[in-house]
Amino acid sequence: MTMVEEVKTSRLKEKVKHPKRQMARRILIFVSFMLFPVTIFYLSPYLSFAGPIQGYISACLLVFGSLFILSLFVGRLFCSYVCPMAGMQEAMSKIQARRINRKTFFVKWLIFIPWIVVIILLPILFAEGFNGVKIFFGMENEELGIPGISILSFQGIMIYYIVVLLLLLWGFIIGKRSFCHHMCWVGPFMVIGRKISNWFRIPSLRLKPENEKCINCKRCDRICPMSLDVSKLVQRGNMEDSNCILCGECIDECPKNVIHYTFTSQKKAQVPEITIEK
Ligand code: SF4
Ligand code: SF4
């Protein structure tokens with residue numbers, strides 16, 4: 001074995017620091033995925049504006065609003081530790097771990113922009129006044145008397161699984177977390193919240209590198225579920241990226257303990273840029 005191969009092998013053998021954190025994270029999103037037939041309407045793109053148009057504050061609207069406010073302080077943490085679609089996609093990435101080309105990330109803006117316009121403009125233009133709070137708007141299930149559960153009918157469950165299968169197929173063809181990059185309608189609120197947090201220098205959960213310790217092994221690039229070039233973010237000394245979901249996989253995978261969580265403003269999370277030879 002050559003010296004270069006020995007160095008590479010020894011880097012790969014170095015143990016990760018917090019496998020339990022990632023195990024807990026994966027269990028959380030898998031459970032969330034299993035519960036998705038119950039919770040899906042709380043993240044419904046239709047109900048988010050249908051309630052306000054009829055003058056109701058609904059659970060769906062509160063969930064979207066809460067995610068936006070939370071994102072000011074914890075970015076897209078929801079995407080990594082709670083989102084049901086994350087559970088489905090990360091399970092799929094065990095079979096298909098292809099990284100997504102960053103050049104395709106713009107596709108989400110084709111959905112983001114019309115979606116944000118719809119959710120803000122429709123209630124403003126067509127709202128029927130304020131009729132109060134109807135928490136289970138769209139989830140009354142009056143015949144069965146079990147409000148708050150999204151899908152109760154056999155037909156609904158079948159449609160749900162067909163949609164899930166189509167999304168899994170899309171992920172299998174395109175790559176890791178393709179739904180997040182190209183189709184998600186929940187992400188826009190958190191991306192905008194994160195950008196506001198950066199503009200106003202709000203202290204928030206972030207990643208901070210100690211880039212002088214980096215050996216450029218690129219394990220962080222390979223493990224990142226969002227297909228980010230993490231090693232480049234490390235070297236530039238600024239890990240802010242609106243596609244980062246703060247999952248901590250890169251933190252836990254790094255053999256040199258380079259990346260850390262921190263709670264501070266974007267400016268304070270930056271360090272001077274360095275260049276590391278390959
Ligand atoms: S940050 Fe860590 S895992 Fe990523 S390239 Fe540097 S040493 Fe390797
Ligand atoms: S950069 Fe790190 S924390 Fe962000 S999505 Fe990638 S692995 Fe997760």
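# Briefing: domains, core and ligand shells of a predicted model

The domain assignment divides the protein into domain 1 (3-16 + 202-269) and domain 2 (20-195); these bounds come from an automatic or database domain assignment. The structure is a predicted model, in which local features need pLDDT of at least 70, side-chain atom pairs count only at pLDDT 80 or more, and totals for chains, interfaces and linings use all residues. Residues are numbered from 1 along each chain as its sequence is written, while chains are lettered from A and ligands numbered from 1 in the order in which they are written.

**Overall form**

- The protein contains 14 helices and 4 strands, where helices (H or I, at least four residues) and strands (E, at least two) are DSSP runs numbered from the N terminus.
- A compact globule of 278 residues would have a radius of gyration near 19 Å, and the 21 Å of the protein agrees with this; the radius is taken over C-alpha atoms, and the globule rule is 2.2 Å times the number of residues to the power 0.38.
- Along the principal axes, the C-alpha atoms fill a box of roughly 70 × 40 × 30 Å.
- Of the 278 residues, 32% are buried; a residue is buried if 20 or more other C-beta atoms lie within 10 Å of its own, exposed if 12 or fewer, and partly exposed in between, with C-beta atoms placed from the backbone.
- Among contacts with a separation of 6 or more, 79% join residues 24 or more positions apart; two residues are in contact if their C-beta atoms, placed from the backbone, lie within 7 Å.

**Domain interface**

- The C-alpha centres of domain 1 and domain 2 are 27 Å apart.
- At the interface, 15 residues of domain 1 contact 23 residues of domain 2.
- On the domain 1 side, β3 (204-209) and α14 (249-253) are the elements that give two or more residues.
- That side of domain 1 comprises 8 nonpolar, 5 polar and 2 charged residues; Ala, Val, Leu, Ile, Met, Phe, Trp, Tyr, Cys and Pro count as nonpolar, Asp, Glu, Lys and Arg as charged, and the others, Gly among them, as polar.

**Nonpolar core**

- The largest nonpolar core holds 48 residues, and those with the most contacts inside it are C60, V63, F78, C79, V230, C250 and I259; such a core is a set of buried Ala, Val, Leu, Ile, Met, Phe, Trp, Tyr and Cys residues joined through C-beta atoms within 7 Å.
- Helix α5 gives the most to this core, with 6 residues.
- Both domain 1 and domain 2 supply at least three residues each to this core.
- Beyond its neighbours within four places in sequence, F78 contacts L67, L70, C83 and M190.

**Ligand shells**

- Ligand 1 is surrounded by 15 residues, the closest being C214, C217, C220, C254 and V258; a residue is near a molecule or strand if its C-beta atom, placed from the backbone, lies within 6 Å of it.
- The elements giving two or more residues to the shell around ligand 1 are α12 (219-223) and α13 (230-236), and α13 has the largest share, 3 residues.
- The shell around ligand 1 has 9 nonpolar, 2 polar and 4 charged residues.
- Ligand 2 is surrounded by 13 residues, the closest being C224, C244, C247, E249 and C250.
- The shell around ligand 2 has 11 nonpolar, 1 polar and 1 charged residue.

**P203**

- P203 lies in the loop between α11 and β3.
- P203 counts as partly exposed because it has 15 C-beta neighbours inside 10 Å.
- Not counting residues up to four places away in sequence, P203 touches F263, T264 and S265.
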